[in-house]
Amino acid sequence: MASMSMHETSEQPEAPRPRRVITTSEASLERLEAEPDTVVRLSIAQSEQLRRIEADAREAARALAASRAED
Amino acid sequence: MSELAEPLRPVRVVRQPGRYAPLAGFSCGAGEESWDRHVNRVAQRLYSEQAIPQTLAVLEDDGGELVGICTFWPRDLLLPLRREPLLEIPYINAIGIDRRFRGAALRDGGRPADALLAGVLDVIRGMHGGAAPHVYALVASANERGHALFDRHGFGELSATKPGGEAIRIRPPD
């Protein structure tokens, strides 16, 4: 019968390491490079800004498509 | 200022930055500004193979001179208000034009930085099946040239949450 080594019997799958979440006021070029796994969380106000940016981009794309269709 | 040999070559990804000799002499300035120092530091670390893993895209002129660099890697961005997080979207860590070509004008009236960022977006499209996802970067409030560049390429601005801090510039998906 094959025997198991201590290493084999004690080996456990590694749990994923929880990632640190920081706010945008804590984020900087240096920090994001020094901590590549850190996740940035937007504020509510920034999330709203993003929603408007996305809506404006969609509107601009629609207008462009419409003007091309007219041509 | 050095003269650019046009046409510029298409922006390309350098797989082994440590073996890309032009990176050794790259500098986007004497380091008066923190954002220039950041780009220079990234270039040096990539060349000495001490940088964290990131994609290096380069813009070269027709003679093979290194005009500019941009690095990015996938990163998550969390959103409140019950919105799904943006997962693994390209985060632009550094973008800069070599000091020799700062202020240069291209024959078509464009600027090297525009050719670089447009080319990087094409590279990103290629990596994402033809359509760019959200792409974002951090830009210092005082970096007017950087903000103007991202403005010209469809990046919106999420205001910095502290005075003098860095704003997020984010481009919606294609």
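This is a predicted model: local features need pLDDT of at least 70, side-chain atom pairs count only at pLDDT 80 or more; totals for chains, interfaces and linings use all residues.
Me: How many residues of chain A are in contact with chain B?
Reply: 24 residues of chain A are in contact with 23 residues of chain B.

Me: Which elements of chain A are on that side?
Reply: Those giving two or more residues to it are β1 (21-23), α2 (29-34), β2 (39-41) and α3 (44-70) of chain A.

Me: And which one gives the most?
Reply: α3(A) does, with 8 residues.

Me: What kinds of residues make up that side of chain A?
Reply: It divides into 12 nonpolar, 8 polar and 4 charged residues.

Me: Which strand of chain B does β2(A) pair with, and in what sense?
Reply: β2(A) pairs with β3 (residues 66-78) of chain B, in the parallel sense, over 2 bridges. Val40(A) has Leu77(B) as its bridge partner there.

Me: Now chain B by itself. Do β2(B) and β3(B) run parallel or antiparallel?
Reply: Antiparallel, over 6 bridges. Within that pairing, Ala57(B) is opposite Cys70(B).

Me: How many residues lie between those two strands?
Reply: β2(B) and β3(B) form a hairpin with 5 residues between them. In the turn, Gly64(B) has a positive phi of about 90°.

Me: What about β1 of chain B, which strand is it joined to?
Reply: β1 (residues 12-14) is joined by 3 bridges to β2 (residues 55-60) of chain B, and the two run antiparallel.

Me: Which residue stands opposite Arg12(B)?
Reply: Val58(B), in β2(B).

Methods:
Residues are numbered from 1 along each chain as its sequence is written. Chains are lettered from A and ligands numbered from 1 in the order in which they are written. Two residues are in contact if their C-beta atoms, placed from the backbone, lie within 7 Å. Helices (H or I, at least four residues) and strands (E, at least two) are DSSP runs, numbered from the N terminus. Ala, Val, Leu, Ile, Met, Phe, Trp, Tyr, Cys and Pro count as nonpolar, Asp, Glu, Lys and Arg as charged, and the others, Gly among them, as polar. Two strands pair if DSSP finds at least two bridges between them.
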